[in-house]
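Please walk me through this structure, from the overall build of each chain down to single residues.

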Amino acid sequence: MKSYETVIGLEVHAELATKTKIFCGCTTQFGGEPNTHCCPVCTGMPGTLPVLNKKVVEFAIAAGLAANCTITQHCKFDRKNYFYPDLPKAYQVSQLYLPICRGGGIEIETGGEKKIVGIHEIHMEEDAGKLVHDPWEDCTLVDYNRCGVPLIEIVSEPDMRSADEVIAYLEKLKLILQYLGVSDCKMQEGSLRADINLSVREVGAKEFGIRTEMKNMNSFKAIARAVEGERKRQIELLEYGKVIVQETRRWDDNKDTSFAMRSKEDAQDYRYFPEPDLVPIEISDEWLEEIKNRQPELRDEKMLRYETEYDIPAYDADIITGSKKLADIFEETVALCGKPKEVSNWLMVETMRLLKEAEMEPENIEFSAANLARLVGLIYDGKINRTVAKEVFEEIFKSDIDPVQYVEKKGLSMVSDEGILRSVIEKIIAANPASVNDYRNGKEKALGFLVGQTMKEMKGKADPGLINRILKDLL
Amino acid sequence: MDITTLSALEMGRKIKNREISVAEAVKAQLEKIKVSDASYHCYITVLEQEALARGEKVQKLIEAGEFKDSPLAGVPVAVKDNICTQGVRTTCASKILYNFNPPYNAAVVEKLENAGAVIIGKTNMDEFAMGSTTETSYFGITNNPRNTEHVPGGSSGGSAAAVAADEAFYALGSDTGGSIRQPSAFCGVTGMKPTYGTVSRYGLLAYASSLDQIGPIAKNVSDCAAVLDIISGHDARDSTCVAQGAYHYTEALADDVRGMKIGIPKGYLGAGLDDEIRKSILAAAETFEKKGAVVQEFDLDAVDYAIPAYYVIASAEASSNLSRYDGVKYGYRTGDFENLQEVYKKTRSEGFGNEVKRRMMIGAFVLSSGYYDAYYNKALKVKAIIKAGFDKAFQKFDVLLGPTAPSTAPRLGESLSDPLKMYLGDIYTVSVNLAGLPAISLPCGTDSKGLPIGMQLIGKHFGEKEIIRAAYSFEQTQTGNK
């Protein structure tokens with residue numbers, strides 16, 4: 001078998017986190033009863049006209065700046081014409097001729113190697129509605145709630161060579177968009193979608209091979225599988241002397257395979273032309289400067305700052321900044337209670353463990369910084385020990401309870417009265433002469449057993465340090 | 001006395017002075033329509049009950065001191081059927097929208113209502129405003145009240161005919177390539193297409209978005225100015241509506257053209273123009289000179305390319321704008337289909353008329369890949385050249401004068417068989433839309449058959465006041481005008 005190189009470019013659609021739609025005042029909130037988040041404008045009623053949401057432009061510019069793009073200061077919208085019931089105007093307002101951002105790049109790292117993935121362009125457009133098939137009535141229903149939700153499409157250069165690079169690029173892109181607050185990037189809700197353009201060629205070949213476009217992956221894992229599957233499929237075809245057809249394919253993650261949707265011959269002619277209902281967007285130097293000045297701290301800067309400002313190890317900083325949500329909780333909590341290393345530990349160890357158990361992403365964390373800060377406070381005030389703290393944290397993680405109230409209600413506070421503790425320990429010493437003997441004969445382990453027994457008697461509500469001290473004292 | 005022959009402003013004054021009640025005005029108008037619309041068929045929908053109820057309400061509001069600054073309060077108005085009226089069917093004279101009830105009012109309808117207007121009905125038009133005769137309407141033809149054997153022009157033929165027949169005190173039309181001015185000329189009334197961006201298009205069912213503009217059709221220049229005062233102005237819902245604040249067009253109604261520089265494009269008097277119309281225009285030029293204006297002929301650039309450029313751009317936009325009429329959400333849907341493709345195909349085949357189909361096909365073609373540069377892009381370049389030509393002319397002139405149409409109203413049934421010839425009839429009007437300029441058409445005589453001749457005055461960008469002043473001054477020299 002010859003050796004092949006895989007060439008991959010991505011088209012990523014990200015729904016922007018604006019409150020209202022791109023051309024009307026309807027909410028962009030996910031969900032909602034079908035056809036309740038729409039109006040005559042976003043349902044394309046005759047005679048209605050679009051009015052551009054300025055925030056969409058600002059978000060697109062912010063994304064472009066973060067991806068090192070050149071901003072098109074005189075840009076326009078175009079109409080992409082095609083018939084489909086989820087598209088009530090029968091055209092999508094998008095950008096073809098003058099997209100808002102062009103020619104940038106994003107640095108990725110795989111296996112210790114750094115590389116720049118080029119960004120061809122970023123353009124703004126409106127989302128379409130959703131078709132829902134009703135198997136009982138055997139009919140298709142249309143939900144226009146998503147119609148007119150603003151999107152940016154980020155088109156990469158064909159610079160990626162493996163599934164690892166694709167995932168690294170997507171992870172990086174997702175973090176950038178989340179850090180900017182431009183998109184929440186929830187793949188399950190469709191607010192981040194990626195189409196893969198993939199071709200293979202013999203190593204050393206100058207020309208690209210014939211590419212296919214793969215759609216319908218709804219997780220990074222599915223994307224990795226789809227890349228791998230399509231790479232194999234194409235190489236197999238070439239090895240058998242067959243030709244690759246330029247086509248759009250649909251990934252079926254359950255079957256771990258893809259199906260041809262339409263070939264290039266069936267490709268629609270979208271008859272793009274400038275949208276006459278909108279005036280060109282003029283982005284002044286002042287406006288651009290304003291947006292530049294408002295750019296939030298991105299991940300790389302944040303990581304550096306964590307190491308210096310909070311004095312936490314690079315390893316911690318890497319994991320915490322790996323999610324905007326985690327970083328936000330970290331900073332808010334530290335602002336309330338200090339103790340950055342302590343807070344970092346709760347996020348890196350317990351939070352990660354619970355997320356994994358619940359099969360959740362950090363973005364879905366629901367507990368508040370305030371309650372985590374209270375928990376840290378309880379520990380440092382000596383109110384609860386770490387064993388109890390872990391229990392309490394599970395409750396915080398699950399239902400964001402107030403740990404102070406919880407500890408009080410459940411009576412979990414440590415007994416700090418030395419007199420009570422001393423009398424319990426005296427009883428334990430009396431009841432375990434063998435262990436006492438062992439300890440006196442130099443077996444340090446025996447002390448641990450006695451601490452454990454005391455703790456058991458105290459129902460966990462004692463400071464192990466204190467028990468240790470009293471035990472040694474009495475022995 | 002037949003009060004329907006009053007001008008809109010005269011009627012407004014009489015209502016204000018309590019000489020005539022709104023109810024009387026509305027009833028008289030409805031009565032007139034009842035009597036004469038069988039002959040002319042200006043209306044697709046007459047709002048009898050609604051207008052009577054609205055009339056009562058407006059009368060009470062006037063008595064309560066409302067509408068003090070509104071000279072047209074209580075005066076019935078006709079609205080072209082491509083302008084959305086909430087809960088009142090708005091058909092664009094097409095089968096595909098035969099049952100479409102908009103859930104909202106167009107911006108101009110809101111403005112009219114805020115000024116105390118009473119909408120009396122929705123007027124006939126060429127289907128989707130595509131045509132020059134009002135013969136492409138799904139709801140039947142409109143006859144020219146000056147001579148029922150002839151067309152009223154189009155596409156706002158119903159509005160122009162209604163005003164000419166005193167079936168409306170004034171009307172709203174829309175003008176994409178001459179659709180207000182040409183029927184006004186054919187019916188012997190006054191119609192004005194404002195500068196693109198003066199009047200909000202929100203609620204106007206789009207034909208060609210970059211060219212469409214709503215404007216008044218009325219019995220005289222003063223009425224047009226008064227209506228424009230009401231309907232113009234900024235609207236946040238239309239990004240292309242760039243007008244700011246109020247313009248007070250009625251302030252320009254002065255009989256004074258002394259020193260005004262009027263240019264006549266030579267190309268507007270050349271081959272293809274009816275001799276009687278040429279004479280009328282030259283006579284009008286003389287009238288202006290007598291009143292102290294300076295009139296001069298000049299060469300306007302790219303006149304010959306205006307029609308092809310217009311039909312490419314307008315059709316391209318139309319092909320996109322009309323794609324939403326697919327039978328899925330509202331309007332006509334074919335009764336019999338097997339799958340989605342068939343819903344689209346049959347609905348649109350059955351729902352649209354030939355002229356609309358022709359333009360959508362031209363539009364789809366000129367936008368298709370491989371032809372875009374050769375047609376659409378080239379047309380945009382021509383548009384820019386035409387605009388530059390006008391800009392150059394307006395460095396020298398205040399107002400341009402010419403005919404509105406190369407002929408008077410053709411006989412019924414003559415035009416549709418030869419669409420290319422029909423398109424050529426738009427020669428003097430389309431370049432104004434391509435350049436986004438204001439223009440007014442007003443009567444300047446009749447031909448030997450007794451059919452009205454219209455002359456056109458074109459202004460520079462937002463130069464409505466100059467053309468209103470010129471038109472008003474000319475109007476004062478004409479007998480028989482109201």
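**Two chains, from outline to detail**

A compact globule of 475 residues would have a radius of gyration near 23 Å, but chain A has 29 Å. This is a predicted model. Along the principal axes, the C-alpha atoms of chain A fill a box of roughly 90 × 60 × 55 Å. Chain A holds 15 helices and 16 strands. Of its 475 residues, 38% count as buried. Contacts in chain A can also be sorted by sequence separation. Among those with a separation of 6 or more, 69% come from residues 24 or more positions apart.

Turn now to chain B. Its secondary structure comes to 15 helices and 11 strands. The radius of gyration of chain B is 21 Å, close to the 23 Å that the globule rule gives for 482 residues, so chain B is as compact as a globular protein of that length. The C-alpha trace of chain B spans about 65 × 55 × 45 Å along its principal axes. Buried residues make up 61% of the 482 residues in chain B. Take the contacts in chain B between residues at least 6 apart in sequence: 75% of them join residues at least 24 apart.

Next, the sheets of chain A. Nine strands form an open sheet with mixed pairing, in the order β2-β6-β7-β10-β1-β11-β12-β13-β14. Its edge strands are β2 (70-71) and β14 (257-263) of chain A, and each pairs on one side only. Helix α1 (residues 54-66) of chain A packs on this sheet. The helix touches β2, β6 (101-110), β7 (113-126) and β10 (150-156) of chain A. Its direction makes about 165° with that of β7(A).

Strands of a sheet pair through backbone hydrogen bonds, either parallel or antiparallel.

Another open sheet in chain A has three strands in the order β5-β4-β15, with antiparallel pairing. β5 (91-94) and β15 (273-274) of chain A stand at the edges with a single partner strand each, so one side of each is left without a neighbour in the sheet. Strand β4 (residues 78-81) of chain A pairs with β15(A) over two bridges. Asp78(A) stands opposite Pro274(A) in β15(A).

Now zoom in on one residue. Ala67(A) lies in the loop between α1 and β2 of chain A. Is Ala67(A) buried or exposed? A residue counts as buried when 20 or more other C-beta atoms lie within 10 Å of its own. Ala67(A) has 22 other C-beta atoms within 10 Å, so Ala67(A) is buried. Leaving out residues up to four places away in sequence, Ala67(A) touches Gly104(A), Ile106(A), Ile119(A), Ile122(A) and Ile176(A). Ala67(A) and Glu121(A) are 54 residues apart in sequence, yet 9.9 Å apart in space, C-alpha to C-alpha.

In soluble globular proteins, nonpolar side chains tend to be buried together. The largest nonpolar core in this model has 159 residues. Val77(B), Val108(B), Val163(B), Tyr170(B), Leu401(B) and Ala471(B) touch the most other members. α9(B) gives the most to this core, with 10 residues. Apart from this core lies another, of 67 residues, including Leu16(A), Ile71(A), Met124(A) and Met217(A). Go back to Val77(B) for a closer look. Beyond its neighbours within four places in sequence, its contacts include Leu112(B), Ile119(B), Ile120(B), Phe169(B) and Tyr170(B).

Finally, see where the chains meet. The contact takes 33 residues from chain B and 23 residues from chain A. On the side of chain B that touches chain A, the elements giving two or more residues are α9 (306-321), α10 (340-351) and α11 (354-367) of chain B. The largest share, three residues, comes from α9(B). The residues on this side of chain B divide into 17 nonpolar, nine polar and seven charged.

Terms used:
Residues are numbered from 1 along each chain as its sequence is written. Chains are lettered from A and ligands numbered from 1 in the order in which they are written. This is a predicted model: local features need pLDDT of at least 70, side-chain atom pairs count only at pLDDT 80 or more; totals for chains, interfaces and linings use all residues. Two strands pair if DSSP finds at least two bridges between them. Helices (H or I, at least four residues) and strands (E, at least two) are DSSP runs, numbered from the N terminus. Two residues are in contact if their C-beta atoms, placed from the backbone, lie within 7 Å. Axes are lines fitted to C-alpha atoms, for helices over the stretch in contact, and angles run from 0 to 180 degrees between N-to-C directions. Ala, Val, Leu, Ile, Met, Phe, Trp, Tyr, Cys and Pro count as nonpolar, Asp, Glu, Lys and Arg as charged, and the others, Gly among them, as polar. The radius of gyration is taken over C-alpha atoms; the globule rule is 2.2 Å times the number of residues to the power 0.38. A residue is buried if 20 or more other C-beta atoms lie within 10 Å of its own, exposed if 12 or fewer, and partly exposed in between; C-beta atoms are placed from the backbone. A nonpolar core is a set of buried Ala, Val, Leu, Ile, Met, Phe, Trp, Tyr and Cys residues joined through C-beta atoms within 7 Å.
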